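Biologist: I would like to learn how to read strands and sheets in a model. Please take me through one.

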Amino acid sequence: MYTERKDKHGHPIFEGDIIHGLMNYGPAGMCDSFACVDFEQSVGGYQWNYFDVGTIEIVGNVYDDNEILGIPPKFI
């Protein structure tokens, strides 16, 4: 499902995409982070509130590239 957002290269972001970018950890500062896009959280803004949206890029998707997140294929 399309999230109505695009990454820094202009590619549309879909549910299940794995994104990489700077995430705001509050007082700890910004850190590189990976996340799987979850539509329920995306609609509510959860993921977008913590990521610097201008740094997000799609690096794969949970169905084909789940090793990026360290998830064994049988759990997808």
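Predicted model: local features only at pLDDT ≥ 70, side-chain atom pairs only at ≥ 80, totals over all residues.

Biologist: What holds the strands of a sheet together?

Modeller: Strands of a sheet pair through backbone hydrogen bonds, either parallel or antiparallel. Helices (H or I, at least four residues) and strands (E, at least two) are DSSP runs, numbered from the N terminus; two strands pair if DSSP finds at least two bridges between them.

Biologist: In what order do the three strands of the open sheet lie?

Modeller: The order is β4-β3-β5, with antiparallel pairing. β4 (30-36) and β5 (57-61) are the edge strands, each pairing on one side only. Seven bridges link β3 (residues 17-24) to β4, and I18 stands opposite C36 in β4.

Biologist: How many bridges join β1 to β2?

Modeller: Two bridges join β1 (residues 2-6) to β2 (residues 12-14), and the strands run antiparallel. K6 has P12 in β2 as its bridge partner. Their hairpin has five residues between the strands, and G10 there takes a positive phi near 90°.

Biologist: Is G54 buried or exposed?

Modeller: Buried means under 20% relative accessible area, exposed over 50%, and partly exposed in between (1.4 Å probe, protein chains only). G54 has 57%, so G54 is exposed. G54 is in the loop between α2 (46-50) and β5. G54 and H9 are 45 residues apart in sequence and 9.4 Å apart in space, C-alpha to C-alpha.

Conventions
Residues numbered from 1 in each chain as written. Heavy atoms only, no water.
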